[in-house]
Amino acid sequence: MASVETEPPPAQPSGKARRRTGAFIGAFVLLQFLIPLSYLTREDAGDERFTWRSFTGSEAPSCETSATLERAEGQREAISIEKLIHRDWLDYVGRNRRSVVNAFLQKQCEAEGVLQVELVNHCDDERGIREYSLRCGGERAHETVRTAAR
Amino acid sequence: MKALERYWFGDVALARPYLVLRFVLALLAFDTWLNMMPQGAKYGVGAFNVAHFPWFDGFVPSSAFYLGVLAFTGVLALSQALYRPHRIAIVLIAAGYTLGWACSLLDSVPYHYLLSLYLVCFVFFPMLSARAAFSRSDQAPRGSVAAYVLFCITTAIVYFYVAAWSAAEGQPYWLPMICCVGYLIISMQDRVELPALRMAAPLLVAAPLAFHFLAPQEGWLPMYMIGIALIVFAPVDWIHKLGRALTRPARSLVEERAEGGGIDERASQVFYLSLVGLVVAPMISMFVDLPGVKTGCTLTAIAMLFVMGRQLYFTPRLRPLWRVASLFGGCFALWITMTASNARFDYYREGALDADRRGDHDAAMMFREKADRYAP
């Protein structure tokens, strides 16, 4: 009689179970190989998620950010970004993270009577000056890059 | 058997998947409470959010949602580490943990994605009891565990990419590449026909240890990876002895002897006691005083009820009570961790600083009052 202290090990999988397991393993491993490679096709070089390029967060310094919105009456207003969103989001915006910049501009367009929103990141390094403008109702912000003046 | 099949379905010492699963679940619980929860005050600020994946766009997680998900995940993970894990619970932990980081770019810690991959592997691990993994004899039980091999391959792929990107940038890449090769071959070390690999294993472990001691890394990644490396690379005799020592209480107390089958007269007592336990355990979270945590712990109790299912009434043994005890253990651990650490203070202090900066004085005052209460 078997001891109660022992239980049988997991049974050897049958041929069918092996084929199913093999298919899952193949798909899972393939996915893990392909996801980091997607970095090569990303338009945003600062987006290193799921790539294993680094085990630390982004260390790129944040640029100085300013934003304005244009109302239907033609009036332009400066936006105080730091009062609207958390500092971490401001860091993302300052690092030109496109998805966050787009979402921020879209969010400003939700206010009544806003025609256009513009955001400028002034960086002292090779990133230069980046201007983003979104015509409210549009899908994606237009980006202009200029070399830093200094 | 073909070579590839032998690689995936060959024997491994069952002690390894048993210990890896529990080690990662236990560490994950404390990681979520101590490192992720203090960041919770960032969530929902200004009703602005960008998720990791487009299908989450439009959803703005609040602080309470984020903390609730983390409390749920952590308590369930620790309860599964304390008592025999259940596959449904592992699925829920994987879903909860992934939801926790994926719902916002505010959590962009690289290794959280790795832990989600590990949790997917764990779903397919055998849910071993201490008795199954550590027999009374000195002979370590072995069995085919393809998911454990997949776990090692997942780790190898991470090191492969670390090496590849380093090589592309002209930096030294040999150390992560040795880690990659080590994880590719080490899952075969428990097979009797490969004694040479067993001899090399203690040397191969030096690579991941050196890498994680030397390279800059965020959060608790080095703790996870060093612990995993020690379990995966250590000689089977060591692992078996360590596991036997750690599980002695479980094997002597929890795993009571199987005496026949069928329902005995204890079943109804066990049923009512378990139900009472499931109601009482989440009440411990009332003392934690963080938004969403009560809901998270209540959901954990509901998940536990779901996990136990028919077992709750139809088991003739005390297994449901041990499950409820593990839930109590998880809730107590959360409470003690929050009381003994600065996590709660950090949450309220960060909230106060951010609210001050945004000029939201009412919120700042509320956060500051709580921060003062929990200041170390």
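Reader: What makes the crossing of helix 2 of chain B and helix 3 of chain B left-handed?

Author: In this predicted model, helix 2 of chain B passes helix 3 of chain B in a left-handed crossing, a term used if the near helix is turned anticlockwise from the far one by less than a right angle, with clockwise giving right-handed. Helices are DSSP runs (H or I, at least four residues), numbered from the N terminus. Local features need pLDDT of at least 70, side-chain atom pairs count only at pLDDT 80 or more, and totals for chains, interfaces and linings use all residues. Residues are numbered from 1 along each chain as its sequence is written, while chains are lettered from A and ligands numbered from 1 in the order in which they are written.

Reader: Why are helix 2 of chain B and helix 3 of chain B called roughly antiparallel?

Author: Helix 2 (residues 15-36) and helix 3 (residues 63-82) of chain B pack at about 150 degrees, their axes 8 Å apart. Angles run from 0 to 180 degrees between N-to-C directions, and axes are lines fitted to C-alpha atoms over the stretch in contact. Under 35 degrees counts as roughly parallel, over 145 as roughly antiparallel, 65 to 115 as roughly perpendicular and the rest as oblique. The two helices of chain B are therefore roughly antiparallel.

Reader: How many residues does the contact take from chain B and from chain A?

Author: Chain B gives 49 residues and chain A gives 39. Helix 7 of chain B gives the most to the side of chain B that touches chain A, with nine residues.

Conventions: Contact = placed C-beta atoms within 7 Å.
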